[in-house]
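Student: I have a structure open and would like to talk it through with you. Could we start with the terms and then go residue by residue?

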Amino acid sequence: MKRFLLSFSFLSLLPYVVLAQSGGGGGGTMLENPFKGGADSLGDFVQILANDVVMPLGAVVVVLYMIYSGFLFVVAQGNPAKLEEAKRAFLYSCIGAIVLLGAWTIAQVIQNTIDQITQ
């Protein structure tokens with residue numbers, strides 16, 4: 001366990017060591033930014049991650065879960081216990097959609113507030 005923690009701590013600090021090297025002058029190599037939008041800070045990285053990864057993936061999961069709950073309604077065929085399960089699945093998918101949209105709204109409000117403060 002100690003060996004794992006030591007390896008994990010070394011590997012987690014490795015990007016900071018690599019990023020600390022100078023890109024100019026002394027024979028160092030300059031690494032290109034892999035993000036198309038040019039994320040130069042942690043805030044930019046989080047914004048790109050949220051807008052380009054989390055939101056589309058979350059939207060796909062919500063839609064698939066709603067389709068699954070519709071399938072449960074069709075398969076229930078009037079059985080009260082299965083109908084309750086289908087209703088619960090649809091309710092949870094709606095709650096997931098609300099949480100996803102709420103998180104996006106809160107992130108946008110915070111981003112707009114930070115933008116107004118820094119101007």
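Tutor: Gladly! A salt bridge here is a side-chain nitrogen of Lys or Arg within 4 Å of a carboxyl oxygen of Asp or Glu. Please keep in mind that this is a predicted model.

Student: With that cut-off, which residue forms a salt bridge with Glu-84?

Tutor: Side chains of opposite charge can pair when their charged atoms come close. A search of the whole structure finds one salt bridge. Its closest N and O atoms are 3.9 Å apart, and the cut-off is 4 Å. The partner of Glu-84 is Lys-87.

Student: How many residues apart are Glu-84 and Lys-87 in helix H3, and are they buried or exposed or in between?

Tutor: Glu-84 and Lys-87 are three residues apart in helix H3, so about one helical turn separates them. Buried means under 20% relative accessible area and exposed means over 50%. Glu-84 has 43% and Lys-87 has 45%. Glu-84 is therefore partly exposed, and Lys-87 is also partly exposed.

Student: What does helix H3 reach from its first C-alpha to its last?

Tutor: Helix H3 covers residues 80-118, which is 39 residues. At 1.5 Å a residue, 57 Å is expected. The model comes close to that, with a reach of 57 Å.

Student: Which residues of H3 are buried, and what helix is included in their cover?

Tutor: The buried residues of H3 are Ala-86, Ala-89, Ser-93, Ala-97 and Leu-100. Ser-93, for one, has a relative accessible area of 3%, and Leu-100 has 17%. What covers these buried residues includes H2.

Student: Which residues does Ser-93 contact, leaving aside its neighbours within four places in sequence?

Tutor: Ser-93 sits in helix H3 and is buried. Setting those sequence neighbours aside, its contacts are Val-62, Tyr-65, Met-66 and Ser-69.

Student: And Ser-69, is it buried or exposed, and what does it touch?

Tutor: Ser-69 belongs to helix H2, residues 42-76. Its relative accessibility is 0%, so Ser-69 counts as buried. Not counting residues up to four places away in sequence, Ser-69 touches Ala-86, Ala-89, Phe-90 and Ser-93.

Student: How far apart are the C-alpha atoms of Leu-100 and Met-55?

Tutor: Leu-100 is in helix H3, and its contacts beyond four places in sequence are Met-55, Gly-58, Ala-59 and Val-62. Along the chain, Leu-100 and Met-55 are 45 residues apart. Their C-alpha atoms are separated by 7.4 Å.

Student: What is the angle between the planes in the aromatic pair?

Tutor: The structure holds one aromatic pair. Tyr-65 and Tyr-68 form this pair, at 6.0 Å centre to centre. Both lie in helix H2, three residues apart, about one turn of the helix. The pair is tilted, and the angle is 40°.

Student: Which helix gives the most to the nonpolar patch?

Tutor: The patch of about 890 Å² is made by Tyr-65, Tyr-68, Phe-71, Val-74, Val-75, Leu-91, Tyr-92, Ile-95 and Val-99. One of these, Tyr-92, lies in helix H3 and is partly exposed at 48%. H2 and H3 each supply at least two residues of the patch. The helix that gives the most, with five residues, is H2.

Terms used: Residues numbered from 1 in each chain as written. Predicted model: local features only at pLDDT ≥ 70, side-chain atom pairs only at ≥ 80, totals over all residues. Heavy atoms only, no water. Helix = DSSP H or I, 4+ residues; strand = E, 2+ residues; numbered from the N terminus. Buried < 20%, exposed > 50% of the residue type's maximum accessible area, 1.4 Å probe, protein only. Contact = heavy atoms within 4.5 Å. Expected span 1.5 Å × (residues − 1). Phe/Tyr/Trp six-rings, centres within 6.5 Å; stacked < 30°, edge-to-face > 60°. Patch = residues over 30% accessible without salt bridge, like charges linked within 9 Å, V, L, I, M, F, W, Y side chains within 5 Å. Areas by Shrake-Rupley, 256 points an atom, 1.4 Å probe, with all protein chains shown as cover.
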